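The entries follow in the order I checked them.

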Amino acid sequence: MNSLGSVILDVAQNSIFMAKLNLMPDPRYNKTDKCPLVIRVSHKGKPKYLKTGFILNSKEWDEKRKQIKSSFPNSIRANAKTQKKMSLAQDVLSDHHALLK
C-alpha cells in the first residue's frame, strides 16, 4: 500500500464513521504567498494533511470549484493528477469503511 493509503487508514482506524476529504491550499502556510496544495483528511475533528506535490500562489486556486485555475502552468494536468489522488483517497476510505461493516 502506498503512503497515501496508509495515512488515510491511520486516520480511519477503529471507527465506523467516514473521514472527510477536502482538497485545499495548506492553511498552515497562510503567512506566505505560496503554499502546497493538500488533501485534508478529517476524522473526529483531527485533521491530517497529505501533500499533492503542487505549490500554488493564492491567486492560482479556485475556492468555489476546488481546483487549480488555468493561470497555473499545466493546470489541466495538475487538476487531473489531484483528482486522481482524491479518488484514490476516497477509494481507500470506502474500502476501509466496507470492511468495518
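**Aromatic pairs.** I looked for aromatic pairs and found 1 in the structure. The rings of Phe, Tyr and Trp (its six-membered ring) count as a pair if their centres lie within 6.5 Å; planes under 30 degrees apart are stacked, over 60 edge-to-face, the rest tilted. The partners are F54 and F72, edge-to-face, at 6.1 Å centre to centre and 80 degrees between the planes. F54 sits in strand β3 (residues 46-57) and F72 in the loop between β5 (67-68) and α2 (75-100), so the pair ties together parts 18 residues apart in sequence. Helices (H or I, at least four residues) and strands (E, at least two) are DSSP runs, numbered from the N terminus. I checked burial too: both F54 and F72 are buried. Buried means under 20% relative accessible area, exposed over 50%, partly exposed in between (1.4 Å probe, protein chains only).

**Ground rules.** I noted that this is a predicted model, where local features need pLDDT of at least 70, side-chain atom pairs count only at pLDDT 80 or more, and totals for chains, interfaces and linings use all residues. Residues are numbered from 1 along each chain as its sequence is written, and side-chain values use heavy atoms, leaving out hydrogens and water.

**Sheet.** I traced an open sheet of 3 strands, ordered β1-β2-β3, with antiparallel pairing. Two strands pair if DSSP finds at least two bridges between them. β1 (20-25) and β3 are the edge strands, each pairing on one side only. The twist averages 20 degrees from one strand to the next. Axes are lines fitted to C-alpha atoms, for helices over the stretch in contact, and angles run from 0 to 180 degrees between N-to-C directions. β1 and β2 (residues 34-43) run antiparallel, joined by 6 bridges. I found N22 opposite R40 in β2.

**E60.** I placed E60 in the loop between β3 and β4 (61-62). E60 is buried, at 12% relative accessible area. Its side chain reaches the backbone nitrogen of N57 at 2.9 Å. Leaving aside neighbours within four places in sequence, E60 is in contact (heavy atoms within 4.5 Å) with I55, Q67, I68, K69, S71, F72 and P73. E60 and S71 are 11 residues apart in sequence, yet 6.1 Å apart in space, C-alpha to C-alpha.

**N79.** I looked up N79 in helix α2. N79 counts as buried because its relative accessibility is 14%. Outside four places in sequence, N79 is in contact with Q67 and I68.

Terms used. Polar contact = N/O pair within 3.5 Å; in protein donor to acceptor, adjacent residues only side chain to side chain.
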